[in-house]
Each structure stands twice: as C-alpha cells, then as structure tokens.
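This briefing concerns helix packing, charged pairs and surface features. Please consult the sequence and the structure below alongside the grouped points.

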Amino acid sequence: MKLCAVQLTSGLDWEANITEVKACIEKAVLEGVQLIVLPENALLFDGKSMRRLAESAPIQEKIFKMLTDFSIQYRVWIIVGSHPSLMRPDGSIVSEKRVRQSCLVFSPSGDIEGRYDKIHLFDVNVTDKVGSYKESDFIEPGELTPVVVDIDGLKVGLTICYDLRFPELFRILVDMGAELIVVPAAFTYVTGEAHWNVLLQSRAIENQVFVLGVNQCGYHTKNRQTYGHSVCYSPWGDTLGFLKEEPDNLYVEIDRDRITQCRASMPVLQHRRFK
C-alpha cells in the first residue's frame with residue numbers, strides 16, 4: 001500500500017486549514033496513494049475554540065460534507081488525525097465545556113469506518129514559550145477502547161499524539177492485529193526534539209509493526225511551535241521516509257511481508273512472558 005502523511009502548519013481558521021488540506025490531498029492523489037493521514041488538530045489548532053466549533057451544526061455539517069466529498073472524489077482513505085466532537089460514541093453529549101478529540105477514518109465511499117477518541121491527555125509543563133499545557137481543560141478523555149480499522153486489507157491501529165508515550169496501548173493494538181499504527185500529532189518543538197523519533201522508532205521495533213508519525217510543524221500562534229519531522233519506521237526500525245520542519249507530503253510504501261520476515265527471524269512477540 002502507498003500512503004501519504006500530510007505535515008501541516010494549521011492555524012485558527014478552519015476554512016483556511018481545510019483549503020490547505022484539499023490542496024495536499026490533490027497533490028497526494030497524483031502520486032497514486034491509497035491512504036492519506038492528516039495530523040492532530042488538522043482543521044483547527046485552537047483548544048479554546050474546539051467546543052464552539054463542535055457546537056455549530058452548520059459548520060460541522062459543512063466540514064464533514066467536504067471530507068466525505070474528498071474521499072469519494074479522489075477514491076482514497078483519509079484519516080483525520082483529530083477533530084473536536086460534541087458527542088460521545090454512545091450518543092451522549094460531552095459536558096463541562098469540553099469535547100472529545102476524535103481520530104476519524106473516511107473510506108473511499110465516504111463512510112466513517114472508524115473513530116478513536118484520544119485517551120491520554122497532555123497535562124504537562126514544557127520549557128517553551130507556552131510553559132504549561134492542560135488538555136483536560138478542554139478535552140474529555142475517551143474510553144479505554146483501542147481501535148483497529150481494516151483499510152483495504154491492512155490493519156491500522158489508531159492513536160493520537162501523547163498516546164505515543166504509553167507503550168501498553170501499542171501492544172494492545174498489535175494484539176488486535178494492527179500492522180500499521182498511525183500517530184497523528186501536534187508534538188511541541190521542545191518535546192519533539194527530545195523524544196519524537198526515539199519513541200516512534202521504539203514503538204515500531206518492540207511491536208514489529210510499521211509506525212507512522214504525522215506531526216504538525218512551525219508556529220501556529222506567537223508562542224505555539226510544533227516540531228514537524230513526520231516519519232515512518234519499519235518493523236525493524238528502519239526509516240522509510242521522513243520530512244523536516246516545513247509543511248509537505250511524505251510518501252511511503254507499506255509491504256506487509258516485512259512484518260512476517262521480521263517476526264520470523266526474531267519472534268519477540270512469541271517470547272513474551274507477561275501478557
């Protein structure tokens with residue numbers, strides 16, 4: 001399977017963001033990709049505005065209509081790294097002025113074939129211009145329900161950003177059959193420079209699966225800077241492709257035979273003693 005990771009510098013204007021997303025999708029389609037993955041906060045990079053966007057039915061309908069049209073028109077799978085949702089999977093409404101941060105999978109027929117709500121929230125202190133992050137102020141964590149979606153025969157596990165620091169989630173996704181795990185993110189520059197690549201590569205090596213990190217990049221506001229460096233690692237930990245710190249498309253070929261070969265030569269998962 002050929003896939004594309006779209007590295008963006010999303011801002012506070014969802015219409016400008018989705019226009020940029022469309023341009024990136026059109027460019028990717030010319031390369032013959034089957035799957036396009038957008039980063040976290042692809043359509044809105046503003047935690048304080050998430051609830052307002054989620055509460056606006058006309059805007060939500062317009063956004064979902066556009067994403068559906070993109071997938072149908074270009075006959076591709078599209079993973080929207082995250083999008084604010086007012087409703088939980090059971091249909092109840094999120095309370096306390098928060099939203100769910102939902103990773104959504106659109107099929108070439110325009111249907112939503114998968115939804116994963118971010119479990120781990122980024123409530124930390126970072127030595128950058130923002131200093132303190134507290135996602136729990138505007139995001140409600142999802143249920144402890146890992147999600148794997150079948151995309152044209154490839155089993156794809158869904159995570160979002162801070163989930164990357166919790167290896168148990170990745171191991172569960174592999175136990176569920178995941179062959180590729182996507183990590184749409186908005187990793188800060190400071191934490192990204194320190195940990196982004198080593199964490200992604202580790203998750204790939206220890207689970208013997210493909211791991212695709214799709215990050216935001218650049219300055220989104222005066223103080224908010226993300227790291228970029230979107231990258232894909234093989235089950236052996238090889239770098240299959242990477243970007244630097246500017247918006248761009250990353251194209252990668254996924255060959256599932258590499259998983260079989262890796263696990264046959266080094267059957268780490270079979271040697272597990274703790275399950």
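Lysine 62 counts as partly exposed, at 42% relative accessibility; buried means under 20% relative accessible area, exposed over 50%, and partly exposed in between (1.4 Å probe, protein chains only). This is a predicted model, in which local features need pLDDT of at least 70 and side-chain atom pairs count only at pLDDT 80 or more, while totals for chains, interfaces and linings use all residues. Residues are numbered from 1 along each chain as its sequence is written, and side-chain values use heavy atoms, with hydrogens and water left out.

- Lysine 62 forms a salt bridge with glutamate 15, the closest N and O atoms being 3.7 Å apart; a salt bridge is a side-chain nitrogen of Lys or Arg within 4 Å of a carboxyl oxygen of Asp or Glu.
- This pair links distant parts of the chain, with glutamate 15 in helix H1 and lysine 62 in helix H3, 47 residues apart; helices (H or I, at least four residues) and strands (E, at least two) are DSSP runs, numbered from the N terminus.
- Glutamate 15 is partly exposed, with a relative accessible area of 41%.
- The axes of H1 (residues 14–29) and H3 (residues 57–74) come within 11 Å and cross at roughly 5 degrees; axes are lines fitted to C-alpha atoms, for helices over the stretch in contact, and angles run from 0 to 180 degrees between N-to-C directions.
- H1 and H3 are therefore roughly parallel to each other, a label for angles under 35 degrees, whereas those over 145 count as roughly antiparallel, 65 to 115 as roughly perpendicular and the rest as oblique.
- On the H1 side, the contact (heavy atoms within 4.5 Å) is made by Trp14, Glu15, Ile18, Lys22, Ile25, Glu26 and Val29, and on the H3 side by Ile59, Lys62, Ile63, Met66, Phe70 and Tyr74.

**Other salt bridges**

- The count of salt bridges comes to 19.
- Arginine 100 and aspartate 117 meet through their side chains in a salt bridge (2.8 Å, N to O).
- Arginine 100 lies in strand E4 (residues 100–106) and aspartate 117 in strand E5 (residues 112–117), so the pair ties together parts that are 17 residues apart in sequence.
- Arginine 100 is buried, with a relative accessible area of 2%, and aspartate 117 also counts as buried, at 6%.
- Aspartate 117 touches Pro89, Arg100, Gln101, Ser102 and Gly142, not counting residues up to four places away in sequence.
- A salt bridge also joins the side chains of aspartate 137 and lysine 134 (4.0 Å, N to O).
- Lysine 134 is partly exposed, with a relative accessible area of 47%.
- Salt bridges that share partners join Arg88, Arg100, Arg115, Asp117, Glu140 and Glu143 into one network.

**Nonpolar surface and distances**

- Trp236, Met266 and Val268 make a nonpolar surface patch of about 290 Å²; patches are made of residues with over 30% relative accessible area and no salt bridge, like charges being joined within 9 Å and nonpolar side chains (Val, Leu, Ile, Met, Phe, Trp, Tyr) within 5 Å.
- Methionine 266 lies in the segment after helix H6 (257–265) and is partly exposed, with a relative accessible area of 41%.
- Valine 198, in helix H5 (residues 189–207), is partly exposed, with a relative accessible area of 45%.
- The C-alpha atoms of valine 198 and glutamate 26 are separated by 31 Å, the two residues being 172 residues apart along the chain.

Terms used:
Accessible areas come from the Shrake-Rupley method with a 1.4 Å probe; for residues, only the protein chains shown count as cover.
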